Amino acid sequence: MEQLRPFFLLLAIFVASLVNAEVHFHEFVIQETPVKRLCRVHNSITVNGQFPGPTLEVRNGDSLVITAINKARYNISLHWHGIRQMRNPWADGPEYITQCPIQPGGSYTYRFTMEDQEGTLWWHAHSRWLRATVYGALIIRPPLSSPHYPFPVIPKREITLLLGEWWDRNPMDVLNLAQFTGAAPNISDAFTINGQPGDLYRCSSQETLRFLVGSGEIVLLRVINSALNQELFFGVANHKLTVVAADASYTKPFSTNVIMLGPGQTTDVLLTADQPPAHYYMAAHAYNSANAAFDNTTTTAILKYKDASCVTLQAKSQARAIPAQLPGFNDTATAAAFTAQMKSPSKVKVPLEIDENLFFTVGLGLFNCPTPNTQRCQGPNGTRFTASINNVSFVFPKQNSIMQAYYQGTPTGVFTTDFPPTPPVTFDYTGNVSRGLWQPTRGTKAYKLKFNSQVQIILQDTSIVTTENHPMHLHGYEFYVVGTGVGNFNPNTDTSSFNLIDPPRRNTIGTPPGGWVAIRFVANNPGAWLMHCHIDSHIFWGLAMVFLVENGEGHLQSVQSPPLDLPQC
């Protein structure tokens, strides 16, 4: 079989050429690279020595073949966020879910195709906190057979903006300290735009990014929240933004002064350079929906009109650029109003006859310690922080990945299939919750779905520890967001307000703080698919679960065979 692999690769290239598609080959070398930010140099984990990593640009229908070579000191895996990976969980990437990680000195080749997807996505490490520096954009353009965007106006140029977080220390050390103490991890020291903090941070003015535009030009901004732990508000001083897509799905255009993105989400906006020639800040700062510490700094880049007067770089741009007006850090009303405007451009096919009606409580919790206030119990009142879905705090396996064990028929000791479809106890989820309900149980549990079953999930935030906007990401799928509300979901009254005509299609959606969100999808992609909060401090606390979608009938409804170079644990 190994001898036939070059033949199959050539066959794939030939088939792609017949449909005007391409196969793109890349080599990603994961390594330590000196990166200087905030006056200090850190040996950061990067791809090909770049921070952020390389931007991948393809068209709908193209294929990617990416060989990841691990020259770093940590195990690593890569996830292609938002790519559906039809019948191909082996390329999805989350460690110990669909693959064992790539060990230092090892390599693995990810092979996958863009199937009926176009827009802005991204890729990132899916191993502990390595995605703090290992990430990049993944742009899927329309196919050559229909190359134009369905926008109301055609953009003159495109700008990709990766919003990130920066720690003035090794992010893995930050994670390890939090895992040891049980306390919340230290907050970041800066936010970044394409890896640069911007004018408002020490030692950063000279590297502040500047994007040139001509008066009257229309620009497509592809905005990606690649921050590790923080929802973000983003805006451009004195400029309106027209939202045209989110999570690589087109939307009904609407105008706004500011956008809000949870970690993992992407938003495409059109900007018209219709202001007097000058320098305008593009800025992002935290949307903090929880009662918790957060990074209250602001990252900036500059939109510079070509005919604007020159500004020297030596810290004067801070005084000369026009500031952006962003909402308050805790402005939940603005965040909710923005999200509520998202709709599909026209009527869509929403699942109507629901086969699996699931109710998932999502939120934080606390583990009680036998000896409180010790070094390992530095959470509130001598506890350790945790998080859960339906009172199950997810534990990542170590001896094998869930997908490999499922495919091999050897689940014993790796996972069980008894994840609860509803919480074990009904309570006032957003009210004053009894402390007896604050401690979940640990487990590596999956929930089985029949192929082609129509699924509805109500994601209900809880007030345990604090209410919060949890950006929930479902691997292997896109879903329709059919409803949202505040307080506890009431199936007798809230279902009637669902949008079953033109709801937005997403791959990551926030649970409103102290509220709920309803999503629907058809389980037509077999495999093991992780669902988790994309705030990384929450996923390592256990805010995750796995869907096992069974094979359907025949080859085209079944998981592909695993590649021969799939990493072993």
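**Domains, cores and aromatic pairs**

Tutor: The centres of domain 2 and domain 3, taken over C-alpha atoms, are separated by 29 Å in this predicted model. To the contact between these two domains, domain 2 contributes 28 residues and domain 3 contributes 29 residues. The domain assignment of the protein places domain 1 at 21-139, domain 2 at 155-337 and domain 3 at 354-555.

The nonpolar cores come next. The largest nonpolar core holds 55 residues, of which Leu161, Leu221, Phe234, Ile259 and Met282 touch the most other members. Strand E18, residues 279-287, gives the most to this core, with 6 residues. Because domain 1 (21-139) and domain 2 (155-337) both give residues to the core, it lies between them. Leu161 shows what such a position involves: leaving aside its neighbours within four places in sequence, Leu161 is in contact with Ile193, Asn194, Phe211, Leu221, Arg222, Val223, Ile224, Phe234 and Met282. A second, separate core has 53 residues, including Phe28, Ile102, Ala132 and Leu548. In soluble globular proteins, nonpolar side chains tend to be buried together.

The aromatic pairs may now be taken up. The count comes to 31 aromatic pairs. In one of them, the ring centres of Phe51 and Tyr135 lie 6.0 Å apart and the ring planes stand at 80°, so the pair is edge-to-face, as planes over 60 degrees apart are counted. This pair links distant parts of the chain, 84 residues apart: Phe51 is in the loop between strand E2 (40-47) and strand E3 (56-59), while Tyr135 is in strand E8, residues 135-141. With a relative accessible area of 11%, Phe51 is buried, and Tyr135 is buried with a relative accessible area of 0%, the limit for buried being under 20%.

Phe51 also pairs with Trp166: their ring centres are 5.6 Å apart and their planes are at 45°, so this pair is tilted. Because Phe51 lies in the loop between E2 and E3 and Trp166 in strand E9 (residues 157-166), the pair ties together parts that are 115 residues apart in sequence. Both Phe51 and Trp166 are buried.

Elsewhere, one aromatic cluster is formed by Phe360, Phe419, Tyr447, Tyr477, Phe521, Trp529 and Phe547. One of these residues, Phe521, is touched by Ser453, whose other contacts are Asp355, Glu356, Val522 and Ala523, not counting residues up to four places away in sequence. Ser453 is found in the loop between E24 and strand E25 (454-461), and at 6% relative accessibility Ser453 counts as buried.

E24 belongs to an open sheet of 5 strands with mixed pairing, in the order E24-E32-E31-E26-E29. Strand E24 (446-449) and strand E29 (508-511) stand at the edges, each with a single partner strand, so one side of each is left without a neighbour in the sheet. On average, neighbouring strands of this sheet are turned by 25° against each other, direction ignored. Strand E26 (residues 470-474) and E29 run antiparallel and are joined by 4 bridges. Met472 has Ile509 in E29 as its bridge partner. Strands of a sheet pair through backbone hydrogen bonds, either parallel or antiparallel.

Methods: Residues are numbered from 1 along each chain as its sequence is written. This is a predicted model: local features need pLDDT of at least 70, side-chain atom pairs count only at pLDDT 80 or more; totals for chains, interfaces and linings use all residues. Side-chain values use heavy atoms; hydrogens and water are left out. Two strands pair if DSSP finds at least two bridges between them. Helices (H or I, at least four residues) and strands (E, at least two) are DSSP runs, numbered from the N terminus. Axes are lines fitted to C-alpha atoms, for helices over the stretch in contact, and angles run from 0 to 180 degrees between N-to-C directions. A nonpolar core is a set of buried Ala, Val, Leu, Ile, Met, Phe, Trp, Tyr and Cys residues joined through side-chain atoms within 4.5 Å. Buried means under 20% relative accessible area, exposed over 50%, partly exposed in between (1.4 Å probe, protein chains only). Domain bounds come from an automatic or database domain assignment. Contact means heavy atoms within 4.5 Å. Rings of Phe, Tyr and Trp (its six-membered ring) pair if their centres lie within 6.5 Å; planes under 30 degrees apart count as stacked, over 60 as edge-to-face and the rest as tilted.
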